[in-house]
Amino acid sequence: MENVLEINGLTKRFGSFTAVNNLSLTVKRGQVYGILGPNGSGKTTTLGMVLDVINPSEGSYKWFGSEENQRHRIGAILEHPIFYPDLSGQRNLEISAAIKNAPKENIEKVLKRVELWERRKNSFKSFSLGMKQRLAIAAALLSDPEVLVLDEPTNGLDPQGINAMRELINSIAAEGKTIIISSHLLDEIQKMCSHFIILKNGTLLKEGIINDITGGKKSFIVGSTNPALEQLIDAMPHLTDKKQLKPTEWLIAFDTEIQGDKVNEYFVSNEVYLSQIQEHRTSLEEEFLQITK
Amino acid sequence: MRLLRIEWMKLKGNKSFWIFSLIFMVFLPFLVVLLPSMLGGEVSGGVKMYPLMPKTAENTWYIVTLTSSYFTMFILAFILIYHIVNEFNYRTARQNVIDGFSRMQYLQGKLLLMLLLCVLATIYVFLTGLIATSYFGSIPREELTSFTEMMGGMMGTKPVVIEYGGLLEGVSMVGNYFLQILAYFSFAMFVSFLLRKGALAILVFFASFLIEVIGRGILSAYGYETIVSYLPLKSMSMILPNPGIETIVSGMAVPNPATIENIVVVLIYSGVFILGSILLFKKRDIS
């Protein structure tokens, strides 16, 4: 798969403060790539550097394997939606289209897609936050970009707005576009992304695949009053981790796919009858909290 | 053309731009044509006096370009500064780059806009000058010059006979005007990119004239007269020198034209300010 974005040792210092420290990563075509991190972890600074509005202190990046300006192939929103406040939604998109060299006909298409066509003549400053976010997505989609970069796209939205935004992003991802999305909302990343990195204090803490955390390896919560339970858990094949949740309840994890009935069979064959067996999926949030603690 | 078209798309939706442009277009002819005709009249015994009315074509072009230059500095430089710093206030400069402009393209757009403003203002000033010379040139000489002639008679000197001259006599002042506003705009652009804050940039732009006047005073007091004429704003003002009182009252005097050396110095300053704007925009983060 083609590398869409390669970042090598990117560092940004503001005086003595290091916002991003020696960051390297690769985003491949078709990935929905999440950049996770608490507020102030360097997510926006990283995206600002690869979008050429923040000058890196060290390191480099390449879009599509080139150091030349490739931003006409990218649609991006950094932080808040930014437009000329006195101009209408349509006039603002006309400016964006002219900058992107995108055909004017695309304006109607993208405004309809984000359901703003009816409000196209209203000034940007009269829009609600949700509408502003959708207009920003429309602007990002104007040139039918190969990559979409979205920085905290659901920030400040109400639950309906978040849901609508998520559906919109998922539908864009379904078209095979590469999406780079930053957020501190873990649930959001888990629902939308295929790959992720976790940043803290500008440093890369983990890079991975969402399925590796939330799927693949299986975990179970098992419970029994039988005192032999712990001994049998220790003897289980492929066991990678165990954690006592209550005196009679354990969380057990395996390094391979395993079915619940096989786990039950194992205990029954050893004359321990489980009062409880429940499949447990690790959430990104648990992984995140563990890594960033 | 694409860059200019984009700048135009941004400007045309801005109400302040239209208001200030209208003020410039309406008040300039008022100041240089209507006001001098309105101020004055019969003094006594058929002698008329129009103190602000230029008596020669050359003087007309000078007054028109000089007044326009001040007016341009207050109105059009304000539009330029306001337009540039607003892009930082609204963060649209940042969004333009994110949308696909290289930083250089963004700057080129602003430079072209600045140049276009200079050209349009110069054309407008030229047309206003043509109207002014046509109008003042059409006024009967005896009406326009009777007071000057009377004064000459009273002082025992030979009555002065004033010829208005050809309409385009002194039109080269329009070139000086173009050069001067180009230099002022370059400076305005530099201040805008340097400070990136609306009110502050406007304040510093106008305050810098005052600061330089004080600086010139200090330098002169210490005998550094030679340096004074090479200071940026002073050298720019020398392109169209400030009027002496005799210029206004006589309506005939014309200042010493700018020297080649002066023009070169101003062009160098303009280049430095433009280059400074480019470096500031390229080297700093776009907030």
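A search of the whole structure, which is a predicted model, finds 4 cavities of 30 Å³ or more. The largest cavity holds about 70 Å³ of space. Residues of both chains line this cavity: Ile82(A), Phe83(A), Tyr84(A), Asn92(A), Ile95(A), Ser96(A) and Ile99(A) come from chain A, and Thr92(B), Gln95(B), Asn96(B) and Asp99(B) come from chain B. Two helices, α2 (89–100) of chain A and α4 (92–99) of chain B, each supply at least two residues of that lining. By residue class, the lining of the largest cavity divides into 5 nonpolar, 5 polar and 1 charged. Rolling a probe the size of a water molecule over the atoms shows where empty space is left.

Pockets, unlike cavities, are open. The second largest pocket has a volume of about 380 Å³. Its lining is made up of 18 residues, and those nearest the pocket centre are Phe17(B), Ser21(B), Met25(B), Leu117(B) and Leu120(B). Three helices of chain B, namely α1 (2–12), α2 and α5 (103–138), each supply at least two residues of the lining of this pocket. Of the elements involved, α5(B) gives the most, with 8 residues. The lining of the second largest pocket divides into 16 nonpolar residues, 1 polar and 1 charged.

The next topic is aromatic contacts. Over all chains, the structure holds 28 aromatic pairs. One of them joins Phe24(B) and Phe71(B), whose ring centres lie 5.8 Å apart; the planes meet at 25°, so this pair is stacked, the cut-off for stacking being under 30 degrees. The two residues are 47 residues apart and sit in distant parts of the chain, with Phe24(B) in helix α2 (residues 15–38) of chain B and Phe71(B) in helix α3 (residues 57–89) of chain B. Phe24(B) counts as buried because its relative accessibility is 4%. Phe71(B), with a relative accessible area of 14%, is buried too.

A second pair in chain B has another geometry. The ring centres of Phe187(B) and Phe273(B) are 5.0 Å apart and their planes are at 55°, so the pair is tilted. This pair also links distant parts of the chain, 86 residues apart: Phe187(B) belongs to helix α7 (residues 173–195) of chain B and Phe273(B) to helix α12 (residues 260–283) of chain B. Phe187(B) is buried at a relative accessible area of 9%, and Phe273(B) counts as buried at 10% relative accessibility. Both belong to a cluster linked by ring pairs, which also takes in Phe74(B), Tyr184(B), Phe190(B), Phe205(B), Phe206(B), Phe209(B) and Tyr269(B).

In chain A, charged side chains lie over aromatic rings. Arg73(A) is placed over the face of Phe64(A), at 3.7 Å from the ring centre. Lys112(A) has its charged end over the ring of Trp117(A), 5.3 Å from the centre of that ring.

A last stop in chain A is Ala228(A), which is found in the loop between β10 (219–223) and α8 (229–234) of chain A. From C-alpha to C-alpha, Ala228(A) and Asn270(A) are 9.3 Å apart in space, while in sequence they are 42 residues apart.

Terms used:
Residues are numbered from 1 along each chain as its sequence is written. Chains are lettered from A and ligands numbered from 1 in the order in which they are written. This is a predicted model: local features need pLDDT of at least 70, side-chain atom pairs count only at pLDDT 80 or more; totals for chains, interfaces and linings use all residues. Side-chain values use heavy atoms; hydrogens and water are left out. Rings of Phe, Tyr and Trp (its six-membered ring) pair if their centres lie within 6.5 Å; planes under 30 degrees apart count as stacked, over 60 as edge-to-face and the rest as tilted. Helices (H or I, at least four residues) and strands (E, at least two) are DSSP runs, numbered from the N terminus. Buried means under 20% relative accessible area, exposed over 50%, partly exposed in between (1.4 Å probe, protein chains only). A charge sits over a ring if NZ of Lys or CZ of Arg is within 6 Å of the ring centre and within 35 degrees of the ring normal. On a 1 Å grid over the protein atoms alone, a cavity is a set of points where a 1.4 Å probe fits but cannot get out, and a pocket is an open set with protein on both sides within 12 Å along at least five of seven lines; lining residues have an atom within 4 Å of a point. Grid points are joined across faces, edges and corners, and a volume is the space filled by probe spheres set on the points. Ala, Val, Leu, Ile, Met, Phe, Trp, Tyr, Cys and Pro count as nonpolar, Asp, Glu, Lys and Arg as charged, and the others, Gly among them, as polar.
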